[in-house]
Structures are given as C-alpha cells and as structure tokens.
Amino acid sequence: MAACSLTLSSSLPQPKPSFFGSKPSHLSLHSTSFALKSQCFRVSSSSVSISSRPVDDLVASLLSKVIQTDGGVSLTTKQHQEVAQVANELNKYCVDEPVKCPLIFGDWDVVYCSNPTSPGGGYRSALGRLFFKTKDMVQAVEAPDSVRNKVSFSVFGFLNGEVSLKGKLKVLDHQWIQVIFEPPELRVGAMDFRYGGESEVKLQITYIDEKIRLGKGSRGSLFVFQRRHGGSTNV
C-alpha cells in the first residue's frame with residue numbers, strides 16, 4: 001500500500017542523488033488529502049490488516065525471492081521476472097487509497113529494486129560497489145510528511161560511512177506520492193558535508209501491509225520495502 005523512494009549518490013565521480021520516482025501532478029499534504037489522524041486512524045485493524053492465506057503466501061514468496069540478494073544485484077533476469085510476477089499478484093490486493101493508510105509510517109529496509117543500482121545511486125553502481133560495500137538501505141516515514149533515507153556503507157571494508165537525504169512528502173492522488181529532498185549529506189569517518197542540490201522523486205504505491213510495501217517509480221522500477229521492528233534508523 002505505500003512507499004516513498006531512495007536513491008543516493010557518491011563523490012566518486014560524484015553521482016547524482018536519486019530516490020525512486022517519476023512525475024505526475026501536484027497536490028499538497030493538507031488536512032483533507034492526507035487526513036491520517038481523522039480518516040485513516042479510524043480505520044479498524046481488520047480493514048487494514050490483510051491476513052487471508054493467498055496474500056500471506058504471496059508475501060512470504062516475495063520475501064524469500066528478494067532477501068539476501070544485495071537489493072536485487074545477485075538475481076538473474078529470470079529471477080527478476082519471478083519477483084515481478086509475485087508483485088503483480090499482490091497489487092490486486094492493494095487498498096483503494098494506499099496513500100491514506102497509516103501503515104505507511106515507520107522504518108523500512110529497502111530490500112529490493114528491479115534496477116538494483118537505483119537505491120544508492122553511484123554508491124551502488126558496478127564501479128561504486130568495488131569501493132563501497134552496502135551495509136543498510138533504510139527509509140523512515142514519519143507523520144505527517146517527513147521522509148528520511150539512508151545508505152550505510154564501508155569503504156574498502158574498514159572505513160564506515162553513510163549518505164542520507166531528508167525530504168517532504170506530498171500526495172499527488174490516491175496512489176502517487178512525491179518527495180522533494182534536500183541536498184544529500186555525506187559522512188565518512190570524521191568528515192561530514194553536504195553536496196549537490198535538491199532532488200525530487202515520484203512513486204506509485206502498489207501494495208502495503210504490516211510487513212511490506214511495494215512501489216513503482218516513474219520509470220517503472222519495482223521497489224520492495226520490509227518493515228523494521230524494534231529499532232531506530234537514526235537517519
């Protein structure tokens with residue numbers, strides 16, 4: 001049911017930050033368009049909680065295909081196709097207005113992208129992976145409209161670093177959201193600085209439940225987010 005986006009970049013040659021997305025129209029998160037406190041939070045747990053056997057099986061199948069694949073990097077073309085097939089089946093069970101579902105809030109691991117170098121930008125490119133080993137790709141969505149993305153990595157396996165983006169979420173329609181991000185912040189060892197400019201992404205929310213979110217970027221990339229439990233992202 002819901003999602004946002006994550007794609008960061010590096011300074012090696014300084015890649016451009018990107019965060020899952022595309023471009024529909026404008027509509028801000030005002031009381032009526034994103035009335036989570038009144039409308040959404042009154043939705044009963046039974047109406048947002050999908051527990052039917054077919055859905056549970058599809059979620060389990062999808063996670064089994066994407067977990068421990070380095071965000072999709074290690075998958076073959078055929079395996080990517082299998083992930084897409086399961087995701088398309090799950091889309092049929094998406095609620096009518098996923099952008100209004102309170103399940104959107106929380107901390108999420110970015111466990112898969114059909115374009116594996118998209119989350120993380122240059123840090124996740126073939127060249128970037130020679131120098132940067134990805135440790136975590138995390139997205140935090142906080143009420144009412146805050147999105148924070150972070151890619152943690154180690155440089156040459158011993159120097160820890162991270163790139164983070166902070167943005168504002170806007171609802172575009174019943175499925176599409178837009179996030180406008182501030183310039184990315186890079187931390188490596190004792191160094192901490194910002195670079196580049198603002199960035200914008202758009203994402204279609206195609207499925208959400210207590211465990212996962214699915215989203216599709218404006219260029220068609222599929223993203224799978226898995227909810228984090230018991231822990232802060234410190235993004």
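Buried means under 20% relative accessible area, exposed means over 50%, and partly exposed is in between, with a 1.4 Å probe and protein chains only. Keep these cut-offs at hand during the tour.

The model is predicted, so local features need pLDDT of at least 70 and side-chain atom pairs count only at pLDDT 80 or more, while totals for chains, interfaces and linings use all residues. Residues are numbered from 1 along each chain as its sequence is written, and side-chain values use heavy atoms, with hydrogens and water left out.

**The whole protein**

Start with everything shown as a cartoon. The secondary structure comes to 4 helices and 10 strands. Helices (H or I, at least four residues) and strands (E, at least two) are DSSP runs, numbered from the N terminus. Followed from the N terminus, the elements run α-α-α-β-α-β-β-β-β-β-β-β-β-β. Of the 235 residues, 51% count as buried. A contact means heavy atoms within 4.5 Å. Among contacts between residues at least 6 apart in sequence, 66% join residues at least 24 apart.

**Helix 2**

Select residues 53-66, which form helix 2. The expected span of a helix is 1.5 Å times one less than its number of residues. For the 14 residues of helix 2 that gives 20 Å, and the end C-alpha atoms are 20 Å apart, which agrees.

Now show side chains. Val-55, Leu-58, Val-59, Leu-62, Leu-63 and Val-66 are buried in helix 2. Seen down the axis of helix 2, these buried residues fall within an arc of 130 degrees, so they line one face of the helix. The arc is taken from the directions that run from the helix axis to the C-beta atoms. On the other side of helix 2, Arg-53 and Ser-64 are exposed. The cover over the buried residues of helix 2 includes helix 3, strand 1, strand 8, strand 9 and strand 10.

Gln-68 lies in the loop between helix 2 and helix 3 and is exposed, with a relative accessible area of 81%.

Go on to Asp-70, which is found in the loop between helix 2 and helix 3. Phi of Asp-70 is near 55 degrees, a positive value in a residue other than glycine. At 38% relative accessibility, Asp-70 counts as partly exposed.

**Helix 3**

Select residues 77-91 for helix 3. Its 15 residues should span 21 Å at 1.5 Å a residue, and the end C-alpha atoms are 21 Å apart, which agrees. The buried residues of helix 3 are His-80, Val-83, Val-86, Ala-87 and Leu-90. Viewed down the axis of helix 3, they fall within an arc of 125 degrees, so they line one face of the helix. The face turned away from that buried side carries the exposed residues Thr-77, Lys-78 and Gln-85. Among the elements that cover the buried residues of helix 3 are helix 2, strand 1 (106-113), strand 8 (199-208), strand 9 (212-217) and strand 10 (222-227).

**The second largest pocket**

A pocket is found on a 1 Å grid over the protein atoms alone, as an open set of points with protein on both sides within 12 Å along at least five of seven lines; lining residues have an atom within 4 Å of a point. Grid points are joined across faces, edges and corners, and a volume is the space filled by probe spheres set on the points.

The second largest pocket has a volume of about 270 Å³. Of its 14 lining residues, select Asp-70, Gly-71, Val-110, Val-111 and Met-137, the closest to its centre. Which strand supplies the largest share of the lining? Strand 2 does, with 4 residues. Strand 1 and strand 2 (132-142) each supply at least two lining residues. By class, the lining has 5 nonpolar, 4 polar and 5 charged residues. Ala, Val, Leu, Ile, Met, Phe, Trp, Tyr, Cys and Pro count as nonpolar, Asp, Glu, Lys and Arg as charged, and the others, Gly among them, as polar.

Select Asp-107 in strand 1. At 17% relative accessibility, Asp-107 counts as buried. Asp-107 and Ala-140 are 33 residues apart in sequence and 4.3 Å apart in space, C-alpha to C-alpha.

Next, pick Pro-144 in the loop between strand 2 and strand 3. The peptide bond from Ala-143 to Pro-144 is cis, with omega near 0 degrees.

End at Ser-146, in strand 3 (residues 146-155). Is Ser-146 buried or exposed? At 16% relative accessibility, Ser-146 counts as buried. Not counting residues up to four places away in sequence, Ser-146 touches Ala-140, Val-141 and Gly-167.

Methods. 1 Å grid on protein atoms, 1.4 Å probe; cavity = no way out; pocket = protein on both sides within 12 Å on 5 of 7 lines; lining within 4 Å.
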